[in-house]
Amino acid sequence: GHSNVRDTIQNVCPHSASYSNGRIQCVFSRQIITSDMAQDVPMNGSYYLLYGRGENTTGSSPPLLTPHGAQLTPSISENPIEPDTASNEPIPTHPCPSSPSPSAVYRFTATSSSDCVQSSCDYFLGIRTNDNDPTYLDFVLEGSATGWIGVGFAPNPAMASADVLGCVVVDSTGDLAFVDAWNNAGGHLNVRDTIQNVCPHSASYSNGRIQCVFSRQIITNDTAQD
């Protein structure tokens with residue numbers, strides 16, 4: 001379910017498409033039953049729907065729906081739906097816990113200097129237990145950077161086999177993506193986890209400073225990379 005490949009036969013009838021101020025809209029039609037029985041499902045069947053969004057894919061050829069980021073984790077319909085007869089159904093609430101308040105006190109902090117505060121540190125990390133779900137930890141990362149900020153958890157100072165969490169500036173508009181990644185055994189190659197286990201709350205990039213707030217389960221279902 002992780003590899004998205006372009007159908008050999010393209011059976012979408014495009015009508016309109018627009019992208020402005022970070023919002024996408026597209027309108028198209030599709031036959032209920034197409035001639036591509038190998039890669040198109042009949043739209044009069046009953047299916048679970050995946051509602052997804054994704055990050056910047058500029059440069060991919062041909063264009064593809066690339067793996068979603070944690071910031072844009074999709075939802076799946078709670079019940080099977082028949083697309084040709086279904087009525088309105090609300091998208092399920094994301095299972096993540098509530099966001100910590102801006103005034104939340106973080107039990108553990110790490111700073112680039114002992115005399116700086118969060119808003120002035122070159123690097124600030126805060127960790128606390130989530131108020132509403134103690135199986136989650138809340139994180140805040142803030143610092144001076146134009147590309148990314150993160151924290152790694154490793155069994156050794158070389159950061160080999162490390163679990164890495166953070167956020168990345170994805171384009172010139174200042175949009176950010178949350179990242180759940182893994183360092184290889186050598187500690188030099190940082191790869192995106194197959195399962196993204198970050199619950200995003202907020203992210204900002206302004207005047208060379210990044211701030212992101214997110215939660216993560218203390219014990220996840222990704223035993224290979226978390």
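Analyst: Start with burial: Cys-96 and Cys-199 are both buried (buried means under 20% relative accessible area, exposed over 50%, partly exposed in between, with a 1.4 Å probe and protein chains only). The model is predicted, so local features need pLDDT of at least 70 and side-chain atom pairs count only at pLDDT 80 or more, while totals for chains, interfaces and linings use all residues. Residues are numbered from 1 along each chain as its sequence is written, and side-chain values use heavy atoms, leaving out hydrogens and water.

Cys-96 and Cys-199 are joined by a disulfide, with an S to S distance of 2.0 Å (the term covers a pair of cysteine sulfur atoms within 2.5 Å). The angle about the S-S bond is -80°, and the link of Cys-96 and Cys-199 is left-handed. Cys-96 sits in the loop between strand 4 (75-76) and strand 5 (108-111), and Cys-199 in strand 12 (residues 199-206), so the pair ties together parts 103 residues apart in sequence. Helices (H or I, at least four residues) and strands (E, at least two) are DSSP runs, numbered from the N terminus.

The search of the whole structure finds three disulfides. Next comes the link of Cys-116 and Cys-121. Their sulfur atoms are 1.9 Å apart. This link of Cys-116 and Cys-121 is right-handed, with 95° about the S-S bond. Cys-116 has a relative accessible area of 18%, so it counts as buried. Cys-121 is buried too, because its relative accessible area is 0%.

That leaves Cys-167 and Cys-212. A disulfide joins them, S to S 2.3 Å. Cys-167 belongs to strand 9 (residues 163-169) and Cys-212 to strand 13 (residues 209-217). The two cysteines are 45 residues apart, and the pair links distant parts of the chain. The link of Cys-167 and Cys-212 is left-handed, at -85° about the S-S bond. Cys-167 is buried, as is Cys-212.

Now the overall pattern. With the bonded cysteines of the protein chain numbered in sequence order, the pairing reads 1-5, 2-3, 4-6.

Two further cysteines deserve a line on accessibility. Cys-13 is at 44% relative accessibility, so it counts as partly exposed. Cys-26 is at 47%, so it is partly exposed as well.
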